[in-house]
Amino acid sequence: MDGPGRPREVSLSDFKFGAVATETIEDALLHLAQQNEQAVQEAAGRMGSFRDTRIVEFIFLLSEQWCLEKSVSYQAVEILDRFMVKQAENICRQATLQLRNSEKTEPQNWRALKEQLFNKFTLRLVSCVQLASKLSFHYKALGYLYTKEELLESELDVLKSLNFQINLPTPLAYVEMLLEVLGYNGCLVPATQLHSTCLTLLDLVYLLHEPIYESLLRASIENSTPSQLQGEKFISVKEDFMLLAVGIIAASAFIQNHEYWSQVVGHLQSITGIALESIAEFSYVILTHSVGANTPGRQQLVPPHLPARALRTAASSNT
């Protein structure tokens, strides 16, 4: 039996769809869409560099051990990625200034800063989960001997680096919002039924982030060897949580009941404005990585009157 201090594990049955007024849903969806558009426009640099499979798996397992909600896992990944990218960029800037201001070519400070970043990585990861969960001092279960002061200082470093903006939207928020809207629109596949599969596929996309998006990039440009420029332009697609959400839901709908897949995709296109071909392509890539050799052919996913692909991305340019 769980001890009195152990948090209650959240059950999928706790999620209720169709309980919110349509006006509230419309306002919330509009707000999420605006946040997503801003994130896509600002996507640049090395964003996404710290969504490595091992890092994501560590966060997922840690969150599961602490009985945290799924949304906490995804938000912790997003906080950690943004924080580590900023830290790496700061080190690079300092190293550049050091080389400019010194006649010596031996970047001693650069190596020291990089080593410090590596040594504190686990502490930073724990801090990001702590901040995402709004809970305190679960770290003891890990066996790491961080003091309370070290944890508080680390959390403060993360907060300062991100300008205290850690209430980040996650793909799960977009998935659940779209499922709510689908229910009001008369979707033939129940939202509660889709929700469970969506969670599994979203975990998969996080764990296999790079290979999935590499497949998506190759599909969007119809070329197996993307150029560096095409890869850089594709960053905006990686940060498009609305696109990810429709891909997740479409793939889940195909798994649950492929006969209603076209109807679900049609609803998603109507709600978000994302091209049917883009939704079909993303769902195909997700299914390919989730069920492998048993994946249905692309022609089964894309309605016959549609071309095979039309991903909404600047990376489709061959320049």
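# Exercises on a cavity, a pocket and helix packing

The residues R51, E78, P171, V205, Y206, H209, Y213, K238, F241 and L244 line the largest cavity. The model is a predicted one, in which local features need pLDDT of at least 70 and side-chain atom pairs count only at pLDDT 80 or more, while totals for chains, interfaces and linings use all residues. Residues are numbered from 1 along each chain as its sequence is written, and side-chain values use heavy atoms, with hydrogens and water left out.

**Exercise 1.** Describe the largest cavity by its volume, by the elements that line it and by the classes of its lining residues.

*Solution.* Begin with the terms: on a 1 Å grid over the protein atoms alone, a cavity is a set of points where a 1.4 Å probe fits but cannot get out, a pocket is an open set with protein on both sides within 12 Å along at least five of seven lines, and lining residues have an atom within 4 Å of a point. A volume is the space filled by probe spheres set on the points, which are joined across faces, edges and corners. By this rule there is 1 cavity of 30 Å³ or more, and the largest cavity has a volume of about 50 Å³. Two or more residues of its lining come from each of α8, α9 (209–221) and α12, where helices are DSSP runs (H or I, at least four residues) numbered from the N terminus. The lining has 6 nonpolar, 1 polar and 3 charged residues, with Ala, Val, Leu, Ile, Met, Phe, Trp, Tyr, Cys and Pro counted as nonpolar, Asp, Glu, Lys and Arg as charged, and the others, Gly among them, as polar.

**Exercise 2.** Find the volume of the largest pocket and the residues closest to its centre.

*Solution.* The volume of the largest pocket is about 740 Å³. Among the 26 residues that line this pocket, E42, M47, R82, Q165 and L168 are the closest to its centre. Helices α1 (22–42) and α3 (70–101) each supply at least two residues of the lining, which divides by class into 11 nonpolar, 8 polar and 7 charged residues.

**Exercise 3.** Work out how α7 is placed against α12 and against α8.

*Solution.* Take α12 first: the axes of α7 (residues 171–184) and α12 (residues 241–257) come within 8 Å and cross at roughly 55 degrees, where axes are lines fitted to C-alpha atoms, for helices over the stretch in contact, and angles run from 0 to 180 degrees between N-to-C directions. α7 is therefore oblique to α12, given that angles under 35 degrees count as roughly parallel, over 145 as roughly antiparallel, 65 to 115 as roughly perpendicular and the rest as oblique. In α7, P171, Y174, V175, L178, L179 and L182 meet F241, M242, L244, A245, V246, I248 and I249 of α12, contact meaning heavy atoms within 4.5 Å. This contact has 13 nonpolar residues, no polar and no charged.

Turn next to α8 (residues 191–207), whose axis comes within 11 Å of that of α7 and crosses at roughly 160 degrees. The two helices are therefore roughly antiparallel. The contact joins P171, L172, V175, E176 and L179 of α7 to A191, L194, H195, C198, L199, L202 and Y206 of α8, and by class it has 10 nonpolar, 1 polar and 1 charged residues.
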